[in-house]
Amino acid sequence: MLATERWRHMVEVEHAQSDELRGAVPPPTDHWRPYADQFRADPRRSGDDLVDHLLEFVGRDDTVMDVGAGGGRLGLPIALKCRSLVAVEPSESMAAVLTEQAQESGIENVSVVQEQWQDAVVDPVDVVLCAHVLYTIRDIGEFLKKLEYNARKTVLVVVHDAPPQSQIYALWKEVHGKERLALPSLPQLREVLDELEISYQVDLMPPQPARGFDTLEQATTQLSRRLYLTDGSPEAVRLERILPGLLTEDEGVFRIKDSQPLRPALVSWHPTHAP
Ligand SMILES: C[S@@+](CC[C@H](N)C(=O)[O-])C[C@H]1O[C@@H](n2cnc3c(N)ncnc32)[C@H](O)[C@@H]1O
């Protein structure tokens, strides 16, 4: 099987598992609405290793595109340095966070294209960034090629070294009695890039501790959503019963015991196809 086909298979079986558990409940129209605020961050913050490293790839005169920009956590600090930034972001709630944050921070060189990358009609730029988007993309080859065709100088892709939800995979076994099927992440991306004959560099960033939960109640609500539990179901009751024993508390933050911190990887390359 080709690496691009393996990637598609992983995404499809993971989505099928989610659909099965969701049952008759339709998927939300804006999946990101409950999480959008978590992707808001001060664009002028210091001490963010990933932002600092991304900025090394961007010049003051560069035009930049952030594909799947979310709330602008990474794109807005870049906009402060570069000539202009186009944020391609299909989610209404994420685009709203990004626009609000740009306004609050007095950043005026940002425009938003509210489309899926596959459908977006855009002009090429110098640097294309795509952070934490690829995990759920079925046609990974086409998606990556479009990133490449729209970048004159550099493509910057950020993915974790393990699937983004892998810190809660242990709970799947406890609650649903089955393994969570994993989404692709860095190891599979490497195989795809090799297959596409793209020469890339990987810079592993420091491990990121899980964001954690402020209260036990918040942990129950958020994990119930991520585990597709309906109120009052036997699985929801089981989660509520076992969760206190599965969490540790450190300085008022609750985290899942023994969960491995994720490491973001910055994968970069210089396109060989000029736009
Ligand atoms: C995990 S968030 C990452 C946001 C931001 N890049 C960051 O790292 O903070 C993933 C984002 O990708 C966007 N997204 C998902 N599929 C997309 C697609 N096909 N084209 C463009 N953006 C997409 C989602 O709407 C969401 O805002």
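## Close-up views of a predicted model

**View 1. A polar side-chain atom of Arg 73 lies 2.6 Å from a ligand oxygen atom. The model shown here is predicted. Trp 117 takes part through its backbone: an N or O atom there is 2.8 Å from a nitrogen atom of the ligand. Gln 118 uses its side chain, with a polar atom 2.9 Å from a ligand nitrogen atom. The shell around the ligand.** Which residues come nearest to the ligand? They are Gly 68, Arg 73, Glu 89, Gln 116 and Ala 131, out of 19 residues around the ligand. By class, this shell has 11 nonpolar residues, 6 polar residues and 2 charged residues. Arg 73, one of the nearest residues, is also the residue with a polar side-chain atom 2.6 Å from a ligand oxygen atom.

View 2. Leu 189 is part of helix 7, which covers residues 186-195. Is Leu 189 buried or exposed? Its relative accessibility is 0%, so Leu 189 counts as buried; the cut-off for buried is under 20%. Leaving aside residues up to four places away in sequence, Leu 189 touches Trp 7, Leu 134, Leu 144, Val 157, Val 159 and Val 267. Asp 161 is 28 residues from Leu 189 along the chain, and their C-alpha atoms are separated by 9.8 Å.

**View 3. Helix 1 against helix 7.** Two packed helices are described by the angle between their axes and the distance between the axes. Helix 1, residues 3-22, packs with helix 7 at an angle of about 145 degrees. The two axes are 8 Å apart. From helix 1, the contact is made by Ala 3, Thr 4, Arg 6, Trp 7 and Met 10. From helix 7 come Gln 188, Leu 189, Glu 191, Val 192 and Glu 195. The residues of this contact divide into 5 nonpolar, 2 polar and 3 charged. Trp 7 and Leu 189, both in this contact, also touch each other.

**View 4. Gly 59 in a loop.** Where does Gly 59 lie? Gly 59 sits in the loop between helix 2 (49-55) and strand 1 (63-67). Gly 59 has a relative accessible area of 27%, so this residue is partly exposed. That value falls between the cut-offs of 20% and 50%. Not counting residues up to four places away in sequence, Gly 59 touches Lys 81 and Cys 82. Arg 83 is 24 residues from Gly 59 in sequence. In space, the two residues are 8.4 Å apart, C-alpha to C-alpha.

Key: Residues numbered from 1 in each chain as written. Predicted model: local features only at pLDDT ≥ 70, side-chain atom pairs only at ≥ 80, totals over all residues. Heavy atoms only, no water. Near = heavy atom within 4 Å. Polar contact = N/O pair within 3.5 Å; in protein donor to acceptor, adjacent residues only side chain to side chain. Nonpolar A, V, L, I, M, F, W, Y, C, P; charged D, E, K, R; others polar. Helix = DSSP H or I, 4+ residues; strand = E, 2+ residues; numbered from the N terminus. Buried < 20%, exposed > 50% of the residue type's maximum accessible area, 1.4 Å probe, protein only. Contact = heavy atoms within 4.5 Å. Axes fitted to C-alpha atoms, helices over the stretch in contact; angles between N-to-C directions.
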